[in-house]
Amino acid sequence: MQEAIKKADVLIEALPYIKAFHGKTIVIKYGGSILDEDKIRQGVIEDIVFLNFIGIKTILVHGGGPQISQRMKAASIKTEFIEGMRYTDETTLKIVSEELAKLNKKLVSEIYSHGVKVKGLLGEKDDIIFAEKRKAKKDLGLVGEISEINVEKLHKILEKENILVISPMGKDKKGTIYNINADDAASQLAGMLKAEKFVLLTNVLGIMRDVQDNASLISTLNISEAKKLVKDKVVSEGMIPKVNSCVRAIELGVKKTHVIDARIPHALLLEIFTNTGIGTEIIK
């Protein structure tokens with residue numbers, strides 16, 4: 001009986017959040033090694049399906065870095081990273097496109113198996129993401145940055161399909177296709193859609209003052225505090241682009257961003273529908 005009462009208490013705690021977010025849009029970025037782990041992926045998908053059934057529109061932007069690197073290694077193609085970006089020539093671009101398309105199809109299929117409406121979109125083929133060549137100190141090849149997103153088309157699709165799965169590639173007005181960093185693509189999509197939330201799924205607890213100490217997890221930050229952590233090198237390496245993506249999303253109009261650990265069962269639901277949350281939220 002006590003266990004049943006606890007479950008009811010959890011539902012009551014979630015009620016004001018369910019009411020507040022009904023009909024709103026949430027953008028989630030999901031990729032890296034955690035995309036390949038079946039148990040974690042199924043948990044994430046179950047959370048997204050739950051969001052759908054309580055009336056929240058969800059856009060899932062997926063990466064595929066490890067899968068692309070494995071494919072390139074198998075083909076004996078050297079992977080080169082410049083400023084954290086994968087140098088992309090024509091051969092690499094073809095592999096990136098094929099791997100992202102496979103992952104998109106897989107995610108759509110697994111979400112659809114739960115009996116919900118879902119649509120997969122390839123950023124460069126479905127006229128969703130438009131890009132231009134990314135400027136850097138050293139040439140990155142066919143790496144792009146978003147110049148425009150077809151927001152009107154996305155809204156029309158979201159009216160029919162409450163879940164969209166988008167791969168982060170784009171093309172310019174001449175039809176040249178570009179590889180786009182998934183964190184960047186997701187944060188700009190969230191910003192341009194004025195999403196209620198932007199959530200980064202990772203394999204760490206969140207933003208920590210000391211990566212070796214889980215007790216140093218920072219539960220809430222504002223933009224200026226987040227920027228200072230990067231400047232002071234408290235935030236370093238792979239967490240820097242994630243923090244920058246969250247900051248950019250807020251500056252573009254997203255109300256709140258989150259960095260959470262997808263390895264925690266139902267991390268999405270715990271972060272969104274409980275008073276304490278489990279990761280780091282960044283607010284304006």
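Helices (H or I, at least four residues) and strands (E, at least two) are DSSP runs, numbered from the N terminus. The model is predicted: local features need pLDDT of at least 70, side-chain atom pairs count only at pLDDT 80 or more, and totals for chains, interfaces and linings use all residues. Residues are numbered from 1 along each chain as its sequence is written, and side-chain values use heavy atoms, with hydrogens and water left out.

At 1.5 Å a residue, the 16 residues of α2 (residues 38-53) should span 22 Å, and the end C-alpha atoms are 23 Å apart, which agrees; the expected span is 1.5 Å times one less than the number of residues. Just after α2, Gly 55 takes a positive phi of about 90°.

A nonpolar core is a set of buried Ala, Val, Leu, Ile, Met, Phe, Trp, Tyr and Cys residues joined through side-chain atoms within 4.5 Å. The largest has 49 residues, and Leu 154, Ile 166, Phe 198 and Ile 207 have the most contacts inside it. Helix α8 gives the largest share of this core, six residues. Leu 154 touches Leu 121, Ile 128, Ile 149, Leu 164, Ile 166, Leu 189 and Leu 193, leaving aside residues up to four places away in sequence.

The pockets come next. On a 1 Å grid over the protein atoms alone, a pocket is an open set of points where a 1.4 Å probe fits, with protein on both sides within 12 Å along at least five of seven lines, and lining residues have an atom within 4 Å of a point. The largest pocket has a volume of about 1200 Å³. Of the 47 residues that line the largest pocket, Asn 181, Asp 183, Gly 238, Pro 241 and Lys 242 are the closest to its centre. Helix α8 supplies the largest share of this lining, six residues. The second largest pocket has a volume of about 250 Å³. Its lining counts 18 residues, of which Lys 256, His 258, Glu 271, Thr 274 and Glu 281 are the closest to the centre. At least two lining residues of the second largest pocket come from each of α1 (2-21), β13 (256-261) and α9 (267-273).

Three loop residues complete the picture. Ser 76, in the loop between α3 and β3 (81-82), has a positive phi near 60° without being a glycine, and is exposed, with a relative accessible area of 69%. Lys 194, in the loop between α6 and β11, likewise is not a glycine and has a positive phi of about 55°; Lys 194 is exposed, at 53% relative accessible area. Val 234 sits in the loop between α7 (223-231) and α8 and counts as partly exposed at 27% relative accessibility.

Methods: Grid points are joined across faces, edges and corners, and a volume is the space filled by probe spheres set on the points. Buried means under 20% relative accessible area, exposed over 50%, partly exposed in between (1.4 Å probe, protein chains only). Contact means heavy atoms within 4.5 Å.
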